[in-house]
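Here is a friendly walk through one protein model, from its overall make-up down to single side chains. Please have a look at it first.

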Amino acid sequence: MRVFFSRDSARYGLTVIFRAISTASRDENLVLRGLREGQPAPVIIPFDLTEDEAKLRFESYQKSRWFAPSGLLNKEGVSIQSAFFPFWCFEATISLDYSAKSGFDTPHGKIAWHEEKLEGALHDIRYSTESELMQVYASFKFRRDLVEGLKSKKGVVPSSLSGRPMERFEAVSRKVKCKGFHSEIQSPDLRQGLGWELVLRSIRKHQEGLIEKRVKSETGAHHVKDMRIQLRVLDRKVRMVYRPGFILDYCFNESHADNGEIIPERFLSVMSGAFDGGIRGERHFCPKKAQLAVTGVGGSLGLATAALGDVALGMESLSTYGVETCFWTFMAASAAGFFARFSSKADRRNHDIEMARAEELFFKEYSASGVGLGQTFDEYQDWIRCDSEWRHWEESGKWDWEEAKRKRWAERLWKSQHKRRRQNQALMEDMEMERIARAMDGKREARRRAKWGESDRARAFAEAQSEWGRRTKAERDFLGFYAILGLEPAGEMTGDDIKRAFRKAAMKWHPDRRLSDSDTTDSEQIRNKFQTLQRAYEVLRDPALKRLYDRGESIEL
């Protein structure tokens, strides 16, 4: 069987092949993308430390705490690797408007809040690359907290002392020779837009702390709440900087696998290769040193007490006292060794507790903001939700960090946040158009009424309203929307009253709070209850829908 190719098809096939090869090369070597024409070349910060100096620095870091283990890097299975870590380094100028409520402590132990908000504005706030807030690790290879020590505190602008532009052959080989050894260049696979999102998050947190201090100093207040910040970015610049660092992989202590096998626990630590950098990793306690210290202290106290009480107690009592001292010294030493052995696990449990508290605080703030289904949100409401999502991405399960999983998670999260903002903007535009249309209809109706008088439809509506007033409470609230919010159908209420009732009911009936105390048979009922609560809020908060519901008409959302 013979197969013939025309000249055009062969040319097309070669074009497709070369295009696929070039695309694959761009995808595989992201370092090379930073050398595109018209853009500033990435900056390489050279190593100041050798591997031996890095090991000594790590040992000093561990020994800065009491009962630190010795020779962590002298055991088997230890590896140390040098690498250049990519960082997006931003410069930006911002302005912002803020408002907040101030509170003062009272003699009765309560807080008196001022209802009037304090408002202000700050202009031309400059953030340079020298700020740690503007430096974002541009990869997913390691945990975010491990690479914090690589950030520069003295600036990353290229100069004869701090850095040099990257050469093309270094980008192609993805290796740089420095201090007599070759170091790998990590791939910058965190896109620039995602890095800017994380920088904005850091800027907003920083400004919140500064504004809180500003409000307290201006008003003499003890507390600040309901802070709202609107950021405006005036200009922005960015550059890729590769900072030197060492990755230390070592073992400490042992753990039991699922099958009962004893395996060594592995830990990672990342240390800067520059003099101005730091070290990030878990610190450890040596169980033997803790036991010896407690034994020595207990024995010294026992001997001192025995010497002072020799005459008063007598030899027989002294012997009994010595046995008790030895027993309690042994128990204290065992407890010290136990806590030293499991100090890393205790730190992780404390971290999980802090995460749970942060999620609880987010739930309270977001519920208090009054955002419901089909409702627009402002910048503050979007901020507290995005902050919680990114905190969950950074901190949740970080001890089992997987590069590919975190990358997919971050990409989906970033895209979903932008999609949510676009949908919110479109909803706001639709609501504005609807408001304008209703205003125009009202004007036309007013002109018609002034010329022709009240119509039969208006009289029928007035009669229906009077008929509604003669209905019973159950007939007025035929779907139970007022009841689930704890409101009276015939009572006077404003939009704020409805919003406050919804917040209170949401805190009571939210599935995340109720399902922990209920079994699976009640889970569906709880979810249905909360959905009914959300539907009731959506209907009663809208004046037009509320009028339809009060007349007893069915409503489709």
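Of the 557 residues in the protein, 37% are buried, where buried means under 20% relative accessible area, exposed means over 50%, and partly exposed lies in between (1.4 Å probe, protein chains only). This is a predicted model, in which local features need pLDDT of at least 70, side-chain atom pairs count only at pLDDT 80 or more, and totals for chains, interfaces and linings use all residues. Residues are numbered from 1 along each chain as its sequence is written, and side-chain values use heavy atoms, with hydrogens and water left out.

The protein has 16 helices and 11 strands; these are DSSP runs numbered from the N terminus, with helices (H or I) of at least four residues and strands (E) of at least two. The protein exposes about 33,800 Å², and carbon and sulfur atoms supply 54% of that area. Accessible areas come from the Shrake-Rupley method with a 1.4 Å probe, and for residues only the protein chains shown count as cover. Among contacts (heavy atoms within 4.5 Å) between residues at least 6 apart in sequence, 74% join residues at least 24 apart.

The expected span is 1.5 Å times one less than the number of residues. Which residues of H2 are buried? They are Ala 54, Phe 58, Glu 59, Tyr 61 and Gln 62. Seen down the axis of H2, these buried residues fall within an arc of 155°, so they line one face of the helix; the arc is that of the directions from the helix axis to the C-beta atoms. On the face of H2 turned away from the buried side sit the exposed residues Asp 52, Leu 56, Ser 60 and Lys 63.

Helix H13 (residues 495-509) can be read in a similar way. Its 15 residues should span 21 Å, and the end C-alpha atoms are 21 Å apart, which agrees. In H13, the residues Ile 498, Ala 501, Phe 502, Ala 505, Ala 506 and Trp 509 are buried. They cover an arc of only 135° around the axis, which puts them on the same side of H13. The face of H13 turned away from that buried side carries the exposed residues Asp 496 and Lys 504.

**Salt bridges**

The structure holds 27 salt bridges, each being a side-chain nitrogen of Lys or Arg within 4 Å of a carboxyl oxygen of Asp or Glu. Three of them are listed here.

| Pair | N to O distance |
|---|---|
| Arg 232 and Asp 97 | 2.9 Å |
| Glu 395 and Lys 398 | 3.2 Å |
| Arg 500 and Asp 497 | 2.5 Å |

The salt bridge of Arg 232 with Asp 97 links distant parts of the chain: Arg 232 is in strand S9 (residues 223-256) and Asp 97 in strand S2 (residues 79-105), 135 residues apart. Arg 232 counts as partly exposed at 33% relative accessibility, and Asp 97 counts as partly exposed at 28%. Are Glu 395 and Lys 398 buried or exposed? Both are buried.

Arg 500 and Asp 497 both lie in helix H13, 3 residues apart, about one turn of the helix. Arg 500 is partly exposed at 47% relative accessibility, and Asp 497 is partly exposed at 25%. Elsewhere, salt bridges that share partners join Glu 197, Asp 382, Arg 385, Glu 389, Arg 420 and Arg 421 into one network.

**Single residues, inside and out**

Gln 207 lies in helix H4 (residues 192-219) and counts as buried, at 3% relative accessibility. Leaving aside residues up to four places away in sequence, Gln 207 touches Leu 96, Leu 122, Ile 125, Tyr 127 and Ile 229.

Met 166 sits in the loop between strand S6 (164-165) and helix H3 (168-173). Its relative accessible area is 5%, so Met 166 is buried. The C-alpha atoms of Met 166 and Val 43 are separated by 5.7 Å, although the two are 123 residues apart along the chain.

Met 433, found in helix H9 (residues 403-452), is exposed, with a relative accessible area of 56%. Together with Ile 436 and Met 440, Met 433 makes a nonpolar surface patch of about 300 Å². Patches are made of residues with over 30% relative accessible area and no salt bridge, with like charges joined within 9 Å and nonpolar side chains (Val, Leu, Ile, Met, Phe, Trp, Tyr) within 5 Å.
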